[in-house]
Amino acid sequence: MKLDQIEVTNSLLLGLDSNTKKFLVIDPKDHSKYEVIDLKNVSKSLVSKSGHQQKIGNKSKLALTHIGLELLRNNSAEKIKEVVFYDEDDNDSLDADAQLFIANKWDNLIRKNLSA
């Protein structure tokens with residue numbers, strides 16, 4: 001693999017080879033655990049968010065508790081992989097808004113590399 005996009009955070013090591021349409025996910029705690037996802041088998045990429053409403057003054061804002069990037073199999077709603085960018089219960093997770101920005105960036109990168 002020849003990675004042309006790389007992301008390193010406290011909780012993720014990601015890479016993308018746009019030429020071969022391969023997405024690499026490495027466990028940062030154990031570099032021997034990794035997954036190579038062939039984007040030719042992925043039909044859809046989407047950022048999933050969950051949280052709870054939080055009142056700030058007169059406004060209500062969604063306080064994010066989980067942010068993931070879901071990759072769905074061709075012709076199916078079956079999830080091939082969910083890459084977790086933020087989980088409120090995970091001490092390694094950074095700021096939710098920053099992780100949402102990174103998740104959206106990777107969603108866009110992957111969408112550009114999906115077979116149409």
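Reader: How many salt bridges does the structure hold?

Author: The structure holds 7 salt bridges, a salt bridge being a side-chain nitrogen of Lys or Arg within 4 Å of a carboxyl oxygen of Asp or Glu. This is a predicted model, in which local features need pLDDT of at least 70 and side-chain atom pairs count only at pLDDT 80 or more, while totals for chains, interfaces and linings use all residues. Residues are numbered from 1 along each chain as its sequence is written, and side-chain values use heavy atoms, with hydrogens and water left out.

Reader: Which residue does Glu35 bridge to?

Author: Glu35 forms a salt bridge with Lys81, and their closest N and O atoms are 3.0 Å apart. Glu35 lies in strand β4 (residues 34–38) and Lys81 in strand β7 (residues 79–87), so the pair ties together parts that are 46 residues apart in sequence. Strands here are DSSP runs of E with at least two residues, helices are runs of H or I with at least four residues, and both are numbered from the N terminus.

Reader: Where is Arg111 found, and which residue is its salt-bridge partner?

Author: Arg111 is found in helix α1, and it forms a salt bridge with Asp107, with the closest N and O atoms 3.0 Å apart. Being 4 residues apart in helix α1, Arg111 and Asp107 are separated by about one helical turn. Arg111 counts as partly exposed at 45% relative accessibility, whereas Asp107 is buried, with a relative accessible area of 7%.

Reader: Leaving aside neighbours within four places in sequence, what is Arg111 in contact with?

Author: With those neighbours left aside, Arg111 is in contact with Ser45 and Leu46, where contact means heavy atoms within 4.5 Å. The side chain of Arg111 reaches the backbone oxygen of Ser45 at 2.9 Å. The C-alpha atoms of Arg111 and Val42 are separated by 9.5 Å, with the two residues 69 apart along the chain.

Reader: Switching to strands: in which sense do β5 and β6 pair, and over how many bridges?

Author: Strand β5 (residues 42–56) and strand β6 (residues 59–73) pair in the antiparallel sense over 14 bridges, and two strands pair if DSSP finds at least two bridges between them. Ser48 stands opposite Gly68 in β6. Their hairpin has 2 residues between the strands, and Gly57 there takes a positive phi near 65°.

Reader: How many bridges join β6 to β7?

Author: β6 and β7 run antiparallel and are joined by 7 bridges, with His66 opposite Asp87 in β7. In this hairpin, which has 5 residues between the strands, Asn75 takes a positive phi near 55°.

Reader: And what do β1 and β2 form?

Author: β1 and β2 form a hairpin with 4 residues between them. Strand β1 (residues 5–8) pairs with β2 in the antiparallel sense over 4 bridges, and Val8 stands opposite Leu13 in β2.

Reader: What about Asp17, is it buried or exposed?

Author: Asp17, which lies in strand β2 (residues 13–17), is buried yet has no salt bridge, and the nearest side chain of opposite charge, Lys21, is 8.1 Å away. The backbone nitrogen of Asn19 lies 3.0 Å from a polar atom of the Asp17 side chain.

Reader: Last topic, how many aromatic pairs are there?

Author: The count comes to 1 aromatic pair, taking rings of Phe, Tyr and Trp (its six-membered ring) whose centres lie within 6.5 Å, with planes under 30 degrees apart counted as stacked, over 60 as edge-to-face and the rest as tilted. Phe23 and Trp106 form this pair, which is tilted, at 5.7 Å centre to centre and 40° between the planes. The pair links distant parts of the chain, with Phe23 in strand β3 (residues 22–26) and Trp106 in helix α1 (residues 96–112), 83 residues apart. Phe23 is buried, with a relative accessible area of 0%, and Trp106 is buried, also with a relative accessible area of 0%.

Notes. Buried means under 20% relative accessible area, exposed over 50%, partly exposed in between (1.4 Å probe, protein chains only). Lys and Arg count as positive and Asp and Glu as negative; His and the chain ends are not counted. A polar contact is a pair of N or O atoms within 3.5 Å; within protein, one must be able to donate a hydrogen and the other to accept it, and residues adjacent in sequence count only if both atoms are side-chain atoms.
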